[in-house]
Amino acid sequence: MAEVSLADTRKVFGTHTVIPELSLSVPDGSFTVLVGPSGCGKSTLLRMIAGLETTSGGRIEIGGRDVTAVTPSQRGIAMVFQSYALYPHMSVRDNISFGLRLARRPAAEIDGKVRRAAEILQLEPYLDRKPAALSGGQRQRVAIGRAIVRDPGVFLFDEPLSNLDAALRGQMRIELLDLHRRLGSTMIYVTHDQVEAMTMADKIVVMNAGRIEQAGSPLDVFDRPQSPFVAGFIGSPRINFFKGGIAESRGGDMVAVRPEHLRIVETGGRWRGRIRLLEQLGTDTLVHVTLTDGDEIVIRAPRMGPELQDAQVAIDCDDRHFHVFCDGQRVD
Amino acid sequence: MILSRREKFVCYAVTYLFALFLLAPIVWMLSTSFKGQLAIFQKPPSLFTEFTFQNYAAVLSDPQFLHAFWNSVLISSGTVVVSVALAVPAAYGLSHLTGGRRAGFLSWVLLVRAAPGMIYVLPYYLAYSQIGLIDTRIGLILINSVFTIPLAIWIVIPFFDAIPHEIEEAAIIDGATRFQTMTRIAIPLAAPGIASTAILIFIFAWNEFLFALTLTRFEARTAAVSILSYMAYEGTEWGKVAAAGALILLPVLCFSILIRKYLVQTTAGGVKG
Ligand SMILES: Nc1ncnc2c1ncn2[C@@H]1O[C@H](COP(=O)(O)OP(=O)(O)OP(=O)(O)O)[C@@H](O)[C@H]1O
Ligand SMILES: [Mg+2]
């Protein structure tokens, strides 16, 4: 078991600074999710923790030990890659036991560990197959099995589910959470899928352009986004932003309201507009409205009929649901 | 592309003509190797008037030819071992270099290969005379390797390049050293490419003529050169020349068939895990 802490870590590729200066503490036993748009440096950060990428500055500690200059295999980590990165020429059994065999562990120990991993991941029937003869989900399990037998203090996942179809992704999400509970290890999980981030994390770290925008529990990040970027990145459909008078009257230069907090009202209301499009989700309807000032907003409303297309509507929202930002920072 | 009937006919005709052009000498050689001395000069020539193994019997009972043939086997195999042992790690290293250094190194490597062999003959002859490598198998293995190693590096590099970095990174996290990553992961995955390269090297060394002619006398003379001994002043023994040629062609033929198997495997197998 191990906590991970980064202090003023930097990463520069040639002249291109990918991570300017980043400090982060990942609590022992947590399921921490790094989330952010493509190219923001999530994989780079994870690879630095793994030791696959050198650091250009700062310190990395795992379990209280400075590992900045330690080789990957000595860091007490295991990593699962997006492409699975299985050894194609080895059977599932040999894939899982490769590290143990390199370390010349006794055969009985290897056998026991492979058996236990195979049991946890329901891989027993496939131990003698080659990776090419497995489905995507099974391959991902083998990759996880390879990680488990290392008994790592920290598991590192780089978008492990993004190559799977939606149904399997949902199932693997649950399996990973079960695994986390069962092993109790620290897990650091990279994704650009904010639904995955919300549902799996006990700590979310939202990254943007190599910086941490906000770190906290999923609900905290959702309820109290510290910057417009976080507000816009977490939550689906995307949050609505308003500028101008309505923001100034609240002491900021921008306010944001989540689609589910906007209401279509009979009379009064803060905004007026025309319904441009209705997206039926079954339980709810996403109502896209063009406001009189030309802004586009989205409202998540209880189910509404298609006859409302092009209708003129009034829209309102409670005061407590406004997120107010000034100069890119949350104002309370 | 869809071809009309006429276009198709023209394509096939050209292909077959070219194949005939390539294969005719081989057919002539094979047919000659089974003929007696008289039938060879018969006019008009015919493909198979007479069928005899006497040329093969004569060549196979000629101790000089057998000695040369055995030399060829040893020298070619030795060249394969030396070249593969040196070129594979070199290719692995180069495959992990990027940018200018890699390109620079690779073009130097190619330059060695592209220079005409004659340039090497004189300096090597002088050097070999000094250090006693003239007319030795080792000497030929070494100079053959000078030419085959660059070729092997160039052929093997793409096979290493095709291995996803993440597979090697996974091995490194699993505790493999760079060397183990090469021997346990990269080489097995590039094996079809390395095998094809080994075969190409064998064929190159087997067919090599210039150095074998200039740097050997008798001890290390190869099969290809030994044919010359059937072309003596008192007249060329065409039957033996053809039979010896056919025997020399045999391993090349077998290996060419093998290499096709490997190359097909390579494209169909892929590395994706
Ligand atoms: N080896 C490298 N050399 C140069 N630049 C690199 C290298 N690796 C990554 N980068 C750059 O670093 C930046 C961050 O890349 P990274 O792979 O960490 O992004 P990411 O957040 O994981 O994105 P994605 O969600 O698309 O995987 C990108 O701009 C990328 O071009
Ligand atoms: Mg990435």
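Asp8(A) is partly exposed, because its relative accessible area is 42%, where buried means under 20% relative accessible area, exposed over 50% and partly exposed in between, with a 1.4 Å probe and protein chains only. The residue belongs to strand β1 (residues 4-13) of chain A, and although Asp8(A) is not a glycine, its phi is positive, at about 50 degrees. Helices (H or I, at least four residues) and strands (E, at least two) are DSSP runs, numbered from the N terminus.

The model is a predicted one, in which local features need pLDDT of at least 70 and side-chain atom pairs count only at pLDDT 80 or more, while totals for chains, interfaces and linings use all residues. Residues are numbered from 1 along each chain as its sequence is written, chains are lettered from A and ligands numbered from 1 in the order in which they are written, and side-chain values use heavy atoms, with hydrogens and water left out.

Chain B also holds a residue with a positive phi that is not a glycine, namely Asp135(B), at about 60 degrees. Asp135(B) sits in the loop between α6 and α7 of chain B, and it counts as buried because its relative accessible area is 14%. Returning to chain A, the peptide bond from Ser236(A) to Pro237(A) is cis, with omega near -5 degrees, and Pro237(A) is found in the loop between α8 (228-233) and β11 (240-242) of that chain.

Arg146(A) lies over the face of Tyr87(A), 4.6 Å from the ring centre, and Arg250(A) lies over the face of Phe322(A), with 4.1 Å to the ring centre.

As a whole, chain B contains 12 helices and 2 strands, which follow one another along the sequence as α-α-α-α-α-α-α-α-α-α-α-β-β-α. Its C-alpha atoms fill a box of roughly 70 × 65 × 30 Å, taken along the principal axes, and 42% of its 273 residues count as buried. Where contact means heavy atoms within 4.5 Å, 74% of the contacts in chain B between residues at least 6 apart in sequence join residues at least 24 apart.

Aromatic pairs are found throughout the search of the whole structure, which gives 24 of them over all chains; rings of Phe, Tyr and Trp (its six-membered ring) pair if their centres lie within 6.5 Å, and planes under 30 degrees apart count as stacked, over 60 as edge-to-face and the rest as tilted. The rings of Tyr120(B) and Phe147(B) have centres 5.0 Å apart and planes at 70 degrees, so this pair is edge-to-face. Because Tyr120(B) lies in helix α6 (residues 118-131) and Phe147(B) in helix α7 (residues 137-161) of chain B, the pair ties together parts that are 27 residues apart in sequence. Tyr120(B) counts as buried at 15% relative accessibility, and Phe147(B) is buried with a relative accessible area of 4%. Elsewhere in the chain, ring pairs link Phe65(B), Phe69(B), Phe202(B), Trp206(B) and Phe255(B) into a cluster.

Ser95(B), in helix α4 (residues 63-95) of chain B, counts as buried at 9% relative accessibility. Apart from its neighbours within four places in sequence, Ser95(B) is in contact with Arg102(B), Ile157(B), Phe160(B) and Asp161(B).

Definitions and conventions
Lys NZ or Arg CZ within 6 Å of the ring centre and 35° of its normal.
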